[in-house]
Amino acid sequence: MNGRRRRIGAALAAALVLAGCGEGFDDSPRQQATGSATLQVLLGSATSVELEATRAIMQTWAQRSGNRVNVVASADLPQQLGQGFAGGTPPDLFVLEPGAFTRYAQPGALHAYADRLPGADDIYPSLRSIFTHEGKFVCAPKDFSTLALVIDTEAWAAVGLTDADLPKDWAQLEAVAKRLTTPKRKGLVLMDDVDRIGAFFRQAGGWLVDPSGKKATVDSPQNLQALHYVQRLLRSGTTAFAKQIDSGWSGEALGKGSAAMVIEGNWVIGALAKDYPQRKWRAVELPAGPAGKGTLAFTNCWGIPTVSKNRQAAESLVAHLTDVSQQNALGEGFGVIPSRRLAATLFARSHPEQQAFLAGADYAQGEPTAKGLESVLKDFDAQLLGLTNGADPKAILASTQRNAEQVLGR
Amino acid sequence: MFAAPGIALLATFVLLPMLLALWVSVLDWDGTYSPLSGKAPVVGLDNYAALLTEDGLARRDFALSVRNTFYFVAISVPVQTLLALGLAMVVHNRTLRGRGFFRAAFYFPSVTSAVAISVVFLFLFSGSGAINAVLGFFGIDGPTWFADPRGVLHELFGALGLVDPAAPPEWLSGTRLWGLTLWEWLSGPSVAMAAVTLLMIWTTSGNFMLIFLAALQNLPEDVLEAADVDGTTRWQRFTKVTVPMLMPTVFLVLTMGLIGSWQVFDQIYVMGQGNPAKTTLTPAFLSYQRSFAEGSYGLGAAIAFLLFAIIVVLTWAQRRLLRDGRTS
């Protein structure tokens, strides 16, 4: 019995030693590879159009520079990325969400290269600041989207509204939503998440965190005013969350005709053209609130890991991707706004339907990047459906503030 | 010596990962480097404390996930076991024509991919889907199933006039237990979770039917014949002879059902990811979300070990209960 136990112990010890010797758990920054490199690129799940356009541009670069590019599109990007980093073999270039930025930037897992890019100064300042960590502009924003008010023009004309009625402030938005509401159609439809409600916060002069991004400011009078306004809209019956009228998202509601106005980003353009080509619509800037105009910007950046041995090659690929002509070509491909001002202006000239979205770029608020805030905001989202049934906005803000303080304080 | 390869395999693929997970659960590790490098700060039992004792979002989420899964298990395990036994009795019946067909039909959901079935259910239960169309035929205005966070028990209390769901009394909404109010604990499964429960019952009962069927076919014929000779009715024969002989199988099915249900993940991942209003959050999904989506691997690993503890305790309790039931 004793001998057997000893043997098991020996086997265990051997297994431990073997595992310890394994490769992949090497954290020191790698030597740069010389000669031609094979870049592993990880993209998120996107439309096939977007994937093909990106892939084509990358292949052109590969041929010109004598490198190879291996593009993988992941259905679950955060998971695959986390696995890559935890195992010590992250992809050489990947798409990174703002919500995960600080988590990777803080321990120095991200290679800070963006300041050296040829067009770095031309990138929108609001986007730059999202991906800046401790004064260093870490990774280059890929492209971006903003929110606008998308209107079903036929419904608009049918109730006798004209261009002069386009809502400029909250009161006007409330009024037109009421006029546009019929038993089968809601005047305004939006998603029940902070990515839409946050725009109202900005319009009221509030936001989730202070400008440094390190202090929670969820429970503020401004945010409370915004949430009260949204609740009033919801309870008046003129406004609904997409889920409540059996739609996966607001764009679908607009396409199906169960919404006359929606608050969405410019991804709605491609989606409507593909799924509901008969729908006639126009986009205008979001109405201003008591503190002025406000909208949100959504973007991702091109992340390069510190441990990659192909950093230089990856950097030159990003330089190629953020080149004005390439950004413009990408925009053509699938309708996102280039992150560089020059490219964006060119792009909007040839795409008038993007004007309203681009107009928001100058005052748009980027997503918060603090580590751990994602689950706090998810909890906020989960409480929003309750607004319709009379949940107390003050209580929602207070509990979110408490949760955010716990995360940011650590 | 002959066992050495087996032990080595077991050690590499079972024991080592478990030890590593246990190690991660006492770290504040964000997943951007190796957990064995010593760079990750050791926080001792902090992750467990955040889930069990400290007031905060982590504990609240975990408590919610345990509540959701508790109602889920409390409904799905007994129902799927009874249903499986019933189905097995039906297809075991020699006088039934086309037994092969029914056997295959009942087993079919179990061999189909959980993801595929979940997607089909999403369509069936969508607000304008088949289920609501059928309900509409009977004049019932069906809910938007997967978007409906209302607790079934809450609605029931409301319908019976016991408690007003919009304004629960102070002793319910004011008393807090492990981060949730008593009122929240008593919510029952949400409408969305009820739909997931239905799906789970439907897919797993075929599987367990097969186990019951195998057990039924192994029952000694002579005992059943003896019961017939003694003049039992069919019901008496079933409850007094068949079921007692099936008890070991019932125990197996209950245990497997209990473990499988507590670990439910695929269906949640496809159907709701915790939505609406976190009422389909389960510990397994929460662990995944905290680890991979948010980089709090220590917390995720701690959730996994607490889930393990819950399952061990419940299985042990169930074993005690069933054994007592048998000796009495």
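Accessible areas here come from the Shrake-Rupley method with a 1.4 Å probe. The model shown is predicted.

**Figure 1. The surface and outline of chain B.**
The accessible surface of chain B comes to about 16700 Å². Carbon and sulfur atoms make up 69% of that area. Along its principal axes, the C-alpha trace spans about 75 × 70 × 40 Å. Chain B has 328 residues, and 44% of them count as buried. Its secondary structure comes to 15 helices and 2 strands.

**Figure 2**
Chain B carries 19 positive and 20 negative side chains. The centres of these two sets lie 8 Å apart.

**Figure 3. B:Phe138, a residue in a loop.**
B:Phe138 sits in the loop between helix 6 (130–137) and helix 7 (152–160) of chain B. Is B:Phe138 buried or exposed? Its relative accessibility is 60%. Exposed means over 50%, so B:Phe138 counts as exposed. A second residue gives a sense of distance. B:Arg60 is 78 residues from B:Phe138 in sequence. In space, the two are 40 Å apart, C-alpha to C-alpha.

Chain A has 410 residues, of which 55% count as buried. It holds 17 helices and 13 strands. Among contacts with a separation of 6 or more, 75% come from residues 24 or more positions apart. Chain A is divided into two domains. Domain 1 covers 38–144 + 298–366. Domain 2 covers 146–297 + 368–409. Their centres, taken over C-alpha atoms, are separated by 27 Å. Where the domains meet, 27 residues of domain 1 are in contact with 27 residues of domain 2.

**Figure 4. The disulfide of A:Cys139 and A:Cys301.**
Over all chains, the structure holds 1 disulfide. A disulfide is a covalent bond between the sulfur atoms of two cysteines. Here the partners are A:Cys139 and A:Cys301, with sulfur atoms 2.0 Å apart. The angle about the S-S bond is -85°, and the link is left-handed. What does this link tie together? A:Cys139 lies in the loop between strand 5 (136–137) and strand 6 (140–152) of chain A, and A:Cys301 lies in strand 11 (residues 295–303), so the pair ties together parts that are 162 residues apart in sequence. Both cysteines, A:Cys139 and A:Cys301, are buried.

**Figure 5. Helix 3 of chain A.**
Helix 3 of chain A runs over residues 77–86. Of its 10 residues, 7 are buried, so the helix is largely enclosed by the rest of the structure. Which residues of helix 3 are buried? They are A:Leu77, A:Gln79, A:Leu81, A:Gly82, A:Gly84, A:Phe85 and A:Ala86. A:Gly88 follows helix 3, and its phi is positive, near 85°.

**Figure 6. Helix 4 of chain A.**
Helix 4 of chain A takes in residues 98–105. Here 8 of the 8 residues are buried, so this helix too is largely enclosed by the rest of the structure. Among the buried residues of helix 4 are A:Phe101, A:Arg103 and A:Tyr104. A:Pro98, A:Gly99, A:Ala100, A:Thr102 and A:Ala105 are buried as well.

Terms used:
Residues numbered from 1 in each chain as written. Chains lettered and ligands numbered in written order. Predicted model: local features only at pLDDT ≥ 70, side-chain atom pairs only at ≥ 80, totals over all residues. Heavy atoms only, no water. Disulfide = S-S within 2.5 Å. Helix = DSSP H or I, 4+ residues; strand = E, 2+ residues; numbered from the N terminus. Buried < 20%, exposed > 50% of the residue type's maximum accessible area, 1.4 Å probe, protein only. Lys, Arg positive; Asp, Glu negative; His and termini not counted. Charge placed at Lys NZ, Arg CZ, Asp CG, Glu CD. Domains from an automatic or database assignment. Contact = heavy atoms within 4.5 Å.
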